[in-house]
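The following paragraphs lead the reader through selected features of one protein model. Please keep the sequence and the structure in view while reading.

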Amino acid sequence: MSVIERTPIRRLDAHDPGAGIRRPLVLGAAATTLLALVTIGLPIPPAAVVATSLIAMAVVVSAWLAVRRRLGAITVTQLYRIILCWGLPLMAARPLFSGDVWSYLAQGEIAATGSDPYHSGPAQALGMDSSHTQHVSHYWLDTPAPYGPAWLVLSRTVAALTGEHLTAGILLYRLLAVAGLVLIAWALPRLAQRAGVAPATAVWLGLLNPLTLWHLVAGAHNDAIMIGLMLAGLELGLAGLQHSGATGTARLLAATAVLTAAANVKIVAAAAVVVLAAEAARRHPRPLVPVLAVTAVAGLGTLALSAIGGFGWITALRGGTAVYSWMSPSTAIGLLVGGFIEPEVPSFTAATVTATNLAGALAAIPIVVRLVAAVFRGQRHPVHALGLIFTAALLLGSVVQPWYLPWAITALAATVHDERRRTLIVAVSAVFAFALPAITPTAAADLIIGYLVAAATVTGTLLAHRMRPAARRLRRRTVPGSV
């Protein structure tokens, strides 16, 4: 048990354990409400919108860190209550931090009209006069859908239900994200118990994380349902492996079906199928038998979903790399090197980025192989290995977005015991929580001014808070007769 988990609540809260979380709960709920209100299009300067939203985000991060200090005395149910209070205002907000949900709507509409979203982007398939197309970022107007067939089936269903009612479509995508969060909330504490980690700690780090609020709730990214299915499938699979015979086999195959659905939302979840197969092989007297069974279910499931949603996802996966991802270390290195050597030759920079991306992919292969082998040998917990595989993908992959971080964070939240490593995850989460503004203004100057004003305000508030005890002691010394 970690130091945080052993830390008792303050004595003034001894008779009311809930009292210790009331302040961060209320502060976080007030801040997310402000975040939702200030971004709805009020007649205030764009720089003020950026600054106010960043300050609200800072309050949420501060409240999240305050909850950490009380983890030894609060329950998982109380943490669920906090995320509900913090997340509800964001459910009613406009899409924040990213416009990907508009692309989801357009791709669903393309599929609903009988066209192939894997072949054409919104501009070509729907035309520029379509209300769906007009909301899509100009970066993705000509980009086919890069997602799996399961997600295309869901998107087509949303389009069929909502038609031209875009607000209703956004709400349905948010509800899909909430379904993913419910699955995470169910699986995460159970996986944590299996790994010997306090469930409350795992839920706080993985589910209550600001990145979850920003990108899975407010941004309505399909990563929410992917992660939910992935963690739920792993929990079902690991529980099934505790049984032998037909019962264990049936549960393993059912879990594989759930993981296959996750991988057919986003292909990265296929890593979970691999680690579950490695764990099943480790426990079976004939290791090849469960590997073949898992492979067969995953393959047949993918064929069935592709028959409904389309096979174009195989070639369309490159769509996510159409725009350079500056958060990717390999892409950033390629851009810097190419721009430094031949700044006037874009093709040279593109070739350099391709080379560094390829180098990153090649470096990731032996890491993944070693981690899967470690699971098979019983040297790594399968969920922890999955978190490390995703970490390698984030460090070496060609595309990195802030909403990709929960892939690794949720898995590691359930399996990391070392307090220093957990603190590192907390620090990364807190930093990347401010990587994107809730709303990106048209003018770069508004974005810069907003960040500067927010940084000055937060810094000034922190300094005033730290100086308050010193000022109080100084006043006591200057009052006659004081001690």
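A residue counts as buried when its relative accessible area is under 20% and as exposed when that value is over 50%. The model discussed here is a predicted one.

By this criterion, both Lys266 and Asp223 are buried. These two residues form a salt bridge, in which the closest N and O atoms are 2.9 Å apart. The pair links distant parts of the chain, since Lys266 lies in the loop between helix 13 (245–263) and helix 14 (270–283), whereas Asp223 belongs to helix 12 (residues 223–240), 43 residues apart.

Helix 13 also contains Ala263. With a relative accessible area of 10%, Ala263 is buried, because this value is under the limit of 20%. Apart from neighbours within four places in sequence, Ala263 makes contact with Ala269 and Ala270. Between the C-alpha atoms of Ala263 and Tyr173, which are 90 residues apart along the chain, the separation is 18 Å.

How many salt bridges does a search of the whole structure find? The search finds 7. One of the salt bridges joins the side chains of Glu419 and Arg68, with an N to O distance of 2.7 Å. Glu419 is in helix 21 (residues 419–432) and Arg68 is in helix 3 (residues 46–68), so this pair ties together parts that lie 351 residues apart in sequence. Arg68 has a relative accessibility of 14% and therefore counts as buried.

Glu419 also meets the side chain of Arg422 in a salt bridge, at 2.9 Å from N to O. Both of these residues lie in helix 21, 3 residues apart, or about one turn of the helix. Arg422 is buried, with a relative accessible area of 3%. Through salt bridges that share partners, Arg68, Glu419 and Arg422 are joined into one network.

A further feature is the packing of two helices. Such a pair is described by the angle between the axes and the distance between them. Helix 19 (residues 382–396) and helix 20 (residues 405–413) pack at an angle of about 155 degrees, and their axes are 8 Å apart. The two helices are therefore roughly antiparallel to each other, because angles over 145 degrees count as such. Helix 19 passes helix 20 in a left-handed crossing. On the side of helix 19, the residues that meet helix 20 include His384, Phe390 and Leu394, while helix 20 contributes, among others, Trp407 and Leu412. The residues of this contact divide into 9 nonpolar, 3 polar and no charged.

How values were computed:
Residues are numbered from 1 along each chain as its sequence is written. This is a predicted model: local features need pLDDT of at least 70, side-chain atom pairs count only at pLDDT 80 or more; totals for chains, interfaces and linings use all residues. Side-chain values use heavy atoms; hydrogens and water are left out. A salt bridge is a side-chain nitrogen of Lys or Arg within 4 Å of a carboxyl oxygen of Asp or Glu. Helices (H or I, at least four residues) and strands (E, at least two) are DSSP runs, numbered from the N terminus. Buried means under 20% relative accessible area, exposed over 50%, partly exposed in between (1.4 Å probe, protein chains only). Contact means heavy atoms within 4.5 Å. Axes are lines fitted to C-alpha atoms, for helices over the stretch in contact, and angles run from 0 to 180 degrees between N-to-C directions. Angles under 35 degrees count as roughly parallel, over 145 as roughly antiparallel, 65 to 115 as roughly perpendicular and the rest as oblique. A crossing is left-handed if the near helix is turned anticlockwise from the far one by less than a right angle, and right-handed if clockwise. Ala, Val, Leu, Ile, Met, Phe, Trp, Tyr, Cys and Pro count as nonpolar, Asp, Glu, Lys and Arg as charged, and the others, Gly among them, as polar.
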